[in-house]
Amino acid sequence: MNREVPKRPKHIVVIGAGIVGASLAYHLASKGTQVTVVEADGIASGVTGTSFAWINTSCAGIDPIAALRGGAIAAWRRLETQVPGLTVRWHGALSYGTQDGRVSPESLLIDRSRIAQLEPQLRQPPGQAVHEPEQGALDAVAATHALLAAARALGATVLTHMPVLGFVVQDAQVTGVETTAGIIEADVVVLAAGTGTAALAEKLGASLPILASPAIFLRYQAPPGLVRGIISSHAMEVRQGEDGTVLAAEDYVDDAPDNQPAAMALRTARAIRNELAGADAIAPEFAAVGLRPMPFDGVPVIGYLLQVGGVYVCAMHPGVVLAAIVGQLASEEIVTGEPASALEACRPARFLAS
C-alpha cells in the first residue's frame with residue numbers, strides 16, 4: 001500500500017505532550033501551520049518526567065541512524081537560541097569502566113590528572129576515561145514546557161487531560177481525532193505518545209512493535225559542587241542539576257524487592273557516597289520507573305503509516321537526545337512533503353510483512 005502524502009497540511013494534531021511531541025509542535029508551528037497538541041494526562045507526565053536527559057550521541061558498533069544522531073547536538077544548540085527558557089548544560093561527560101564500547105567522533109582518552117581536574121570530588125579517579133566535552137544534559141520537563149510555551153506563542157493550542165478515544169477515517173484517510181471533548185478535525189495526525197503510540201496505531205490497523213523498556217530514575221538532595229558534568233562508570237551514572245539536585249539512572253533488572261526503585265535509591269546512594277567526596281549527606285528524594293518506547297529493532301519509528309493516510313508516527317529511544325533533530329526534520333517532511341534522507345532507516349513500512 002502506498003498512501004498519498006497530504007499536500008501542505010493546514011491543521012496538524014500532535015498526540016503526546018512529552019519532549020518529542022513538544023518539539024514537533026514547536027517546529028510545526030514555526031512553519032506557519034495550525035497545531036493542536038492533545039495529551040491524555042499532563043505535560044511531560046510520561047517517560048519525559050523520568051528521563052536522565054543526557055544528550056549523549058555516542059553509539060557502540062554500527063549505527064543505522066548515524067546521520068540522525070550526528071545532528072542531535074547541533075539541533076539542541078539551535079533550539080537554545082530560538083526558545084526562551086530552554087537551557088542545556090554543556091558540561092561534558094566522563095565514561096569509564098562500563099565496557100559498552102560507546103564512542104563519538106569527539107571522544108578523547110584522558111588520564112588520571114585530567115580526570116581529577118574535571119571531577120575533583122572523585123575519591124579515586126581511574127587511570128583513564130573517555131571524555132566527551134561536547135555532550136550535555138537538560139531538565140527534560142522544563143524543556144518540554146518551554147517548547148510548548150514557544151509553540152503557543154506561535155498560535156498552537158495545547159489540550160491536556162484529554163484522552164484520544166479513536167479516529168475519524170474517510171476514504172482510508174484520517175480526517176479527525178475523537179477525544180473525550182469531541183472530534184478535532186485534522187489534515188495530519190502525529191502519533192508521539194511514547195509507549196502509548198503502538199495502541200493508537202492499532203486503532204488504525206497498524207501493528208508497530210514498540211515495547212515498554214523500563215529504567216529507574218533517581219533524584220537526591222545533595223550539597224552543591226559534587227558533580228560538574230556527567231559521570232558514567234561501573235558504579236554510577238550521575239549528574240547534578242543547577243539547583244544542586246543529584247540525578248542518577250539505573251537499569252531496571254527484575255521485580256525482586258531489592259531491585260525496586262526505593263531499594264535501588266538506597267543502594268545507588270551508597271555507591272555515590274563511596275565514589276564522591278562530600279556526598280555523605282545526600283538523601284533520596286524521588287525514585288521511579290520510567291517506561292521508554294523501544295522499537296524491537298532499536299531504531300526509531302518515524303514516518304507515515306502505509307495502512308491509512310494522514311498519520312505520521314514519531315516513537316523512539318533515546319527521545320531526549322533526538323527530540324530536537326527529529327522535530328526539525330519530521331516537521332519539514334510533514335509540511336513540505338519532501339522526505340529527509342536522515343530518517344530513511346526509521347520508516348514504519350519496515351514492519352510490513354513482505
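1. Exposure of His161. In this predicted model, His161 counts as exposed, because its relative accessibility of 58% lies over the 50% cut-off. The residue is found in the loop that runs between strand S8 (157-159) and strand S9 (164-170). When neighbours within four places in sequence are set aside, His161 is in contact with Glu39, Ala40, Asp41 and Gly42. Glu242, in turn, stands 81 residues away from His161 in sequence, and the two C-alpha atoms are 30 Å apart in space.

2. Overall architecture. The protein chain has a secondary structure of eight helices and 19 strands. Its radius of gyration is 21 Å, close to the 20 Å that the globule rule gives for 354 residues, so the chain is as compact as a globular protein of that length. Along the principal axes, the C-alpha atoms fill a box of roughly 65 × 40 × 40 Å. Contacts between residues at least 6 apart in sequence are worth noting here: 72% of them join residues at least 24 apart.

3. Surface and charge. Of the 354 residues, 54% count as buried. The chain exposes about 15,000 Å², and carbon and sulfur atoms supply 52% of that area. There are 24 positive and 33 negative charges, and the mean positions of these two sets are 3 Å apart.

4. Helix H1. This helix covers residues 19-30, which makes 12 residues, and it reaches 16 Å from its first C-alpha to its last, close to the 16 Å expected at 1.5 Å a residue. H1 is mostly covered, with 11 of its 12 residues buried. Among the buried positions are Ile19, Val20, Leu24, Tyr26, His27 and Leu28. As a general point, an α-helix has 3.6 residues a turn, so residues three or four places apart point the same way. Just after H1, Gly32 takes a positive phi of about 90 degrees.

5. Backbone at Ala44 and Asp171. Most residues other than glycine have a negative phi. Ala44 is not a glycine, yet its phi is positive, at about 60 degrees. Asp171 likewise is not a glycine and has a positive phi, of about 55 degrees. Ala44 is found in the loop between strand S2 (34-38) and strand S3 (54-55), while Asp171 lies in the loop between S9 and strand S10 (173-179). Their surroundings can be stated separately. Ala44 is buried because its relative accessible area, 7%, is under the 20% cut-off. Asp171 counts as exposed, because its relative accessibility of 80% is over 50%.

6. Most peptide bonds are trans. The bond that joins His317 and Pro318 is cis, with omega at about 5 degrees. Pro318 is found in the loop between strand S19 (311-315) and helix H8 (319-336).

7. Val308. This residue is found in the loop between strand S18 (301-304) and S19. Val308 counts as buried, because its relative accessibility is 4% and the cut-off is 20%. Val169 is 139 residues from Val308 along the chain, and the C-alpha atoms of the pair are separated by 8.4 Å.

8. Asp63. The loop between S3 and helix H2 (66-70) holds Asp63. At 17% relative accessibility, Asp63 counts as buried, since this value is under 20%. Asp63 and Val299 are 236 residues apart in sequence, whereas their C-alpha atoms are 9.2 Å apart in space.

9. Ala342. The segment after H8 contains Ala342. Its relative accessibility of 19% is under the 20% cut-off, so Ala342 counts as buried. Leaving aside neighbours within four places in sequence, Ala342 is in contact with Ala67, Leu68 and Leu329. Pro64 lies 278 residues from Ala342 along the chain, with 9.7 Å separating the two C-alpha atoms.

Technical notes: Residues numbered from 1 in each chain as written. Predicted model: local features only at pLDDT ≥ 70, side-chain atom pairs only at ≥ 80, totals over all residues. Heavy atoms only, no water. Helix = DSSP H or I, 4+ residues; strand = E, 2+ residues; numbered from the N terminus. Expected span 1.5 Å × (residues − 1). Buried < 20%, exposed > 50% of the residue type's maximum accessible area, 1.4 Å probe, protein only. Rg over C-alpha atoms; globule rule 2.2 N^0.38 Å. Contact = heavy atoms within 4.5 Å. Areas by Shrake-Rupley, 256 points an atom, 1.4 Å probe, with all protein chains shown as cover. Lys, Arg positive; Asp, Glu negative; His and termini not counted. Charge placed at Lys NZ, Arg CZ, Asp CG, Glu CD.
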